[in-house]
Amino acid sequence: MSQSDREQWRFDTLAVRFGQTHTGEAEQSEPIFPTSSFVFASAAEAAARFSGESPGNIYSRFTNPTVRIFEQRLAALEGGEACVATASGMAAILSTCMALLKAGDHIVASRSIFGTSVVLLRNYLGRFGVDTSFVPLADVDQWKRAIRGNTRMFFLETPSNPLLELADIEVLARLAHEHDCLLVVDNCICTPALQQPLLLGADIVVHSATKYIDGQGRCLGGAVVGDAEHVGKDVFGFIRTAGPSMSPFNAWVFLKGLETLGLRMKAHSTRAAELARWLAEQPKVERVFFPGLPSHAQHALAQRQQSDFGGLISFELKGGREAAWKLIDALRVISITANLGDAKSTVTHPATTTHGRLTAEERAEAGIRDGLVRISVGLEDVEDLKQDLALGLGGR
Ligand SMILES: *Cc1c(COP(=O)(O)O)cnc(C)c1O
């Protein structure tokens with residue numbers, strides 16, 4: 001499929017086929033190119049490649065044919081001009097900041113972003129003169145008030161993990177652009193199957209491909225998607241220089257993941273919605289956080305901005321940390337692991353794992369209580385998941 005087919009075909013077709021190139025061996029599945037470098041026919045051709053006069057592969061830190069198929073396919077799914085694949089989701093976020101910011105710049109970020117993203121922005125970028133102000137994700141006034149003369153970037157995740165709050169991407173994109181800022185959205189939780197931030201006005205999407213894009217908990221990877229200038233030139237320039245590039249083997253696994261992404265996101269969403277309704281009825285559950293429940297404060301926004309509600313659920317147990325750990329330790333099906341987006345359901349206790357490096361005060365501000373449990377609902381039979389949780393909730 002070529003670039004012109006992008007306009008013609010729909011999401012699931014692009015997810016299965018877009019970007020594939022053929023080697024001449026008549027292969028049906030995309031080829032893996034495990035090669036560090038590429039060979040030139042002559043000294044003159046090598047010189048032309050290096051000078052940029054003639055396009056083509058030089059070295060896999062820069063480009064690799066398998067990685068390129070993944071990049072083109074994800075760009076098509078997100079509706080972006082360019083995509084650059086990275087070694088992990090964190091490498092995607094770091095590369096975006098390194099490529100597009102400089103010392104003296106300021107970021108306004110949601111305080112409910114991935115815990116490691118907070119640490120990256122605050123502890124590491126801060127050391128190089130890029131300051132970040134953290135604001136409540138859904139409070140537009142606070143985003144407005146945090147803007148300074150040197151603010152160049154807004155950074156957010158919607159829905160947030162683990163509390164599943166939403167940001168109105170269109171509103172924040174308008175605000176960012178009024179102040180000459182780029183809006184960067186981490187779209188890891190929804191994936192383009194459920195939400196396409198670039199089409200809502202965001203400038204850049206970052207991904208942890210490790211999660212739903214892989215979908216089976218195998219490989220680490222990430223990606224940055226956006227326009228040809230910021231991503232195709234600037235972020236690509238940083239990655240080919242600094243080296244957090246994606247391995248061709250991982251790119252191949254993610255390509256296979258993209259082929260089933262639409263189907264899987266629907267299946268995760270259906271199971272999560274069923275489980276959220278069930279959890280909300282359990283006497284030991286204080287409250288459930290799931291954007292698909294009418295009780296969710298931003299249910300209407302979720303219906304408008306997303307095509308479904310995704311596979312993450314959080315809930316707070318009466319009885320704090322002790323009750324949460326007791327539930328987690330009683331589970332026999334659901335795995336205790338920090339990963340999400342896997343076919344296997346996973347459970348975490350955010351306060352003592354993913355958000356354990358935040359100070360108690362930061363955790364309180366972010367609303368991560370000790371009784372909070374997060375489940376990434378996998379693809380098992382939902383009745384078995386209910387039965388598993390019922391054990392931990394002391395029922396049946
Ligand atoms: C996991 C995750 C990341 C980091 O991705 P890695 O692939 O683990 O580096 C970033 N953002 C979100 C929302 C994540 O869940």
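The shell around the ligand has four nonpolar, five polar and three charged residues. This is a predicted model. The residues of the shell can be named. Ser 88, Gly 89 and Met 90 are among them.

Take the side chains to begin with. An N or O atom in the side chain of Thr 210 is 2.6 Å from a ligand oxygen atom. In the side chain of Ser 208, an N or O atom is 2.8 Å from an oxygen atom of the ligand. Met 90 uses its backbone: an N or O atom there lies 2.9 Å from a ligand oxygen. How much of the ligand's accessible area does the protein cover? On its own the ligand has 380 Å² of accessible area, and the protein covers 93% of this.

Now turn to the open space. The largest pocket holds about 450 Å³. Its lining counts 22 residues, and those closest to the centre are Thr 63, Arg 68, Glu 71, Gln 72 and Cys 83. H4 gives the largest share, with five residues. By class, the pocket lining has ten nonpolar, seven polar and five charged residues.

The whole structure has two cavities of 30 Å³ or more. The largest cavity has about 80 Å³ of space. It is lined by 13 residues, and Arg 61, Phe 62, Val 67, Glu 71 and Ala 85 lie nearest its centre. Which elements give two or more residues to this lining? They are H4, S1 and H10. Seven residues of the lining are nonpolar, four are polar and two are charged.

The second largest cavity has a volume of about 60 Å³. Its lining includes Arg 111, Ser 112, Ile 113, His 355 and Ile 368. Here the classes are seven nonpolar, four polar and one charged.

Last, look at the aromatic rings. There are five aromatic pairs. One joins Phe 40 and Phe 50: the ring centres are 6.1 Å apart and the planes are at 70 degrees, so the pair is edge-to-face. Phe 40 sits in the loop between helix H2 (11-17) and helix H3 (43-51), while Phe 50 sits in helix H3, so the pair ties together parts that are ten residues apart in sequence.

Notes
Residues are numbered from 1 along each chain as its sequence is written. Side-chain values use heavy atoms; hydrogens and water are left out. A residue is near a molecule or strand if one of its heavy atoms lies within 4 Å of it. A polar contact is a pair of N or O atoms within 3.5 Å; within protein, one must be able to donate a hydrogen and the other to accept it, and residues adjacent in sequence count only if both atoms are side-chain atoms. Accessible areas come from the Shrake-Rupley method with a 1.4 Å probe; for residues, only the protein chains shown count as cover. Ala, Val, Leu, Ile, Met, Phe, Trp, Tyr, Cys and Pro count as nonpolar, Asp, Glu, Lys and Arg as charged, and the others, Gly among them, as polar. On a 1 Å grid over the protein atoms alone, a cavity is a set of points where a 1.4 Å probe fits but cannot get out, and a pocket is an open set with protein on both sides within 12 Å along at least five of seven lines; lining residues have an atom within 4 Å of a point. Grid points are joined across faces, edges and corners, and a volume is the space filled by probe spheres set on the points. Helices (H or I, at least four residues) and strands (E, at least two) are DSSP runs, numbered from the N terminus. Rings of Phe, Tyr and Trp (its six-membered ring) pair if their centres lie within 6.5 Å; planes under 30 degrees apart count as stacked, over 60 as edge-to-face and the rest as tilted.
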